[in-house]
Amino acid sequence: MTVKRAVYERDRGCCIFCGRRGSPNAHVLSRAHGGLGVEKNIVTACAECHDRMDNSVYREIYLDAAKRYLAGIYGAWDENEVKYGRKNGGNKKDLQNEQL
C-alpha cells in the first residue's frame with residue numbers, strides 16, 4: 001500500500017481539520033524543510049485547509065492541530081522522526097535503507 005493510500009484510509013478520506021473530503025498530501029514538516037513522505041508526517045486536508053496550513057497567519061494553529069492529531073494516533077509527534085538526516089547525521093539514502 002502506498003503512503004498516500006494508507007494516510008487516506010487512516011483519515012477516512014476526510015480533512016482532519018474541517019471534515020470535508022480531502023487529499024492525503026499535507027506535510028506537517030514540509031518537504032522543503034526536510035520532511036519525509038511518511039504516514040507520521042502527512043495528513044489528509046481539503047484544498048482550503050491545506051492552503052491555510054501552508055500560507056496563512058493561522059499556519060501555527062493548523063500545524064499544532066495536525067501534530068496533536070498525529071500524536072493521538074502514533075504517540076508523541078517528534079519532528080526528528082520525520083526529517084531527513086535524523087539518525088547520526090544521516091542522509092536521504094540512509095533513511096530509505098532504514099525504512100526497508
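Is Glu81 buried, partly exposed or exposed? Glu81 is partly exposed, with a relative accessible area of 36%. Buried means under 20% relative accessible area, exposed means over 50%, and partly exposed lies in between (1.4 Å probe, protein chains only).

This is a predicted model, in which local features need pLDDT of at least 70 and side-chain atom pairs count only at pLDDT 80 or more, while totals for chains, interfaces and linings use all residues. Residues are numbered from 1 along each chain as its sequence is written, and side-chain values use heavy atoms, with hydrogens and water left out.

**View 1. The whole chain.**
The protein chain holds 4 helices and 2 strands. Helices (H or I, at least four residues) and strands (E, at least two) are DSSP runs, numbered from the N terminus. Along the sequence, the pattern reads α-β-β-α-α-α. The chain has 100 residues, and 34% of them are buried.

**View 2. A salt bridge between Glu81 and Lys40.**
Side chains of opposite charge can pair when their charged atoms come close. Here the side chains of Glu81 and Lys40 form a salt bridge, at 2.3 Å from N to O. The term means a side-chain nitrogen of Lys or Arg within 4 Å of a carboxyl oxygen of Asp or Glu. This pair links distant parts of the chain, 41 residues apart. Glu81 sits in the loop between H3 and helix H4 (92–99). Lys40 sits in the loop between E1 and strand E2 (42–45). Lys40 counts as buried because its relative accessibility is 17%. A search of the whole structure finds 7 salt bridges.

Which residue in the loop between H1 and E1 pairs with Glu48 of helix H2? That residue is Arg20, 28 residues away from Glu48. Their side chains meet in a salt bridge of 3.4 Å, N to O. The pair links distant parts of the chain. Glu48 also meets the side chain of Arg52 in a salt bridge, here at 2.6 Å, N to O. Arg52 and Glu48 are 4 residues apart in helix H2, so about one helical turn separates them. Salt bridges with shared partners join Arg20, Glu48 and Arg52 into one network. Glu48 is partly exposed, at 37% relative accessibility. Arg20 is partly exposed, at 42%. Arg52 is partly exposed too, at 33%.

**View 3. Helix H2 crossing helix H3.**
Two packed helices are described by the angle between their axes and the distance between the axes. The axes of H2 (residues 47–55) and H3 come within 6 Å. They cross at roughly 110 degrees. That makes H2 roughly perpendicular to H3. Axes are lines fitted to C-alpha atoms, for helices over the stretch in contact, and angles run from 0 to 180 degrees between N-to-C directions. Angles under 35 degrees count as roughly parallel, over 145 as roughly antiparallel, 65 to 115 as roughly perpendicular and the rest as oblique. H2 passes H3 in a left-handed crossing. Left-handed means that the near helix is turned anticlockwise from the far one by less than a right angle; clockwise would be right-handed.

Which residues make the nonpolar surface patch of about 370 Å²? They are Val57, Tyr58 and Ile61. Patches are made of residues with over 30% relative accessible area and no salt bridge: like charges are joined within 9 Å, nonpolar side chains (Val, Leu, Ile, Met, Phe, Trp, Tyr) within 5 Å. Accessible areas come from the Shrake-Rupley method with a 1.4 Å probe; for residues, only the protein chains shown count as cover. Ile61 belongs to helix H3 (residues 59–74). Ile61 is exposed, with a relative accessible area of 56%.

**View 4. Arg12 in its loop.**
Arg12 lies in the loop between helix H1 (3–10) and strand E1 (23–27). Its phi is near 60 degrees, a positive value in a residue other than glycine. Arg12 is exposed, with a relative accessible area of 71%.

**View 5. Two pairs set apart in sequence.**
Ala47 lies in helix H2 and is exposed, at 67% relative accessible area. Ala47 and Asn25 are 22 residues apart in sequence and 9.8 Å apart in space, C-alpha to C-alpha. Gly34 lies in the loop between E1 and E2 and is buried, at 14%. Gly34 and Glu79 are 45 residues apart in sequence, with 9.9 Å between them in space, C-alpha to C-alpha.
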